[in-house]
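Please examine the following structure with attention to its strands, helices and aromatic side chains.

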Amino acid sequence: MTNKLAKSPWLLHYDGSSCNGCDIEVLACTTPKYDLERFGIINTGDPFQADILLITGGVNHQSESVIQQIYTQMPEPKVVVAVGICACTGGVFKDCYNIKGGARTATTSRAAWTPSSRWTSMCPGAPPGPRPSSTASCRRWRSCSASRRPTPPGAGAQKRRTMRMEACNTIEPVGMAGFVPAVLRFKMDGWRVVQICAARLPDGYELSYSFGKGYDMRTLRLTVGEDERVPSITQIYPGAFLQENEAAELFGVPIEGMVQDYHDRLYRIAEETPFKHKG
């Protein structure tokens, strides 16, 4: 971000369906430590004044039409920045029934929604920090602004460098026998645990263990029976104890061997395992 921007772009932040993790990082961009306003970037709520559409969270059926309307109201030139793995590809919710995908892939009406890959910047992470988010916004806008200006004489053969960060998001089914060895391989290869999700099935549970490294995310999907005990991964990732306790207390998932077991006392709730009987 050492080069000067052609103008002072204004951005409009829209939360598609995020968990608020990426939104907090976007908010941190406006704090004195990072101070996006020193580049002239202002967060506005008016699409008619916005140059950058910054999206967090996966796009669902309700938010898709809103994003389309916001994008069509923005004046040219304009760019889209997808912040976080969910906004890029759908993240851990990629195959959920209510998530259509990321900011660029979850569209059906091409007439109303036309952000091509040229003007869409992917900033993966779960969540990405303030520095990658602000860098992606500034570089993409600078690339867009540079292409709108007349080409100087003799510069036709010079290639314009643009910022492009690809996100790899895969979901891998795994059996109980290969579950712990797979988690151990992630740990040895430098992956960090991002999220543990539980879902109730008619005859058991579906557990999704998501791991992040750089801009990539890989999810192990484990399906277990009603009374089948699940080994804890806290011996490998100690910080996973909180989400494992949540799965045990809210869904009734039988997880054994947790380093720190709250014994269903993590939350003060009136009903025991409230999500266990919701198939």
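The questions and answers below concern a predicted model.

Q: In what order do the four strands of the open sheet lie?
A: The edge strands are E8 (169-174) and E9 (192-201), each of which pairs on one side only. The twist averages 20° from one strand to the next. The pairing is mixed, and the order is E8-E11-E10-E9.

Q: How many bridges join strand E10 to strand E11?
A: Strand E10 covers residues 204-213 and strand E11 residues 216-225, and the two run antiparallel. Leucine 207 stands opposite leucine 222 in E11. The number of bridges joining E10 to E11 is 10.

Q: Which strands does helix H5 touch?
A: Helix H5 comprises residues 176-188 and packs on the sheet. Its direction makes about 155° with that of E11. The strands touched by H5 are E8, E10 and E11.

Q: At what angle to E9 does helix H6 run?
A: Helix H6 comprises residues 241-251 and lies across E9 and E10. Relative to E9, the angle of H6 is about 10°.

Q: Is the aromatic pair of phenylalanine 186 and tryptophan 191 stacked or edge-to-face?
A: The ring centres are 5.4 Å apart, and the angle between the planes is 70°. Planes over 60 degrees apart count as edge-to-face, whereas those under 30 count as stacked. Both residues are buried. The pair of phenylalanine 186 and tryptophan 191 is therefore edge-to-face.

Q: How many residues apart in sequence are the parts tied together by the pair of phenylalanine 186 and phenylalanine 211?
A: This pair is stacked, at 4.5 Å centre to centre and 15° between the planes. Phenylalanine 186 lies in helix H5 and phenylalanine 211 in strand E10, so the pair ties together parts whose separation in sequence is 25 residues.

Q: Why is phenylalanine 211 classed as buried?
A: Buried means under 20% relative accessible area. Phenylalanine 211 is buried because its relative accessible area is 0%.

Q: Which residues form one aromatic cluster?
A: The structure holds five aromatic pairs. Phenylalanine 186 pairs with tryptophan 191, and phenylalanine 186 also pairs with phenylalanine 211. The cluster is formed by Phe186, Trp191, Phe211 and Tyr237.

Q: Over the face of which residue does arginine 218 lie?
A: Arginine 218 is placed at 5.7 Å from the ring centre. Elsewhere, the charged end of arginine 200 sits over the ring of tyrosine 205, 4.8 Å from its centre. The residue under arginine 218 is tryptophan 191.

Note on methods:
Residues numbered from 1 in each chain as written. Predicted model: local features only at pLDDT ≥ 70, side-chain atom pairs only at ≥ 80, totals over all residues. Heavy atoms only, no water. Pairing = 2+ DSSP bridges. Axes fitted to C-alpha atoms, helices over the stretch in contact; angles between N-to-C directions. Contact = heavy atoms within 4.5 Å. Phe/Tyr/Trp six-rings, centres within 6.5 Å; stacked < 30°, edge-to-face > 60°. Buried < 20%, exposed > 50% of the residue type's maximum accessible area, 1.4 Å probe, protein only. Lys NZ or Arg CZ within 6 Å of the ring centre and 35° of its normal.
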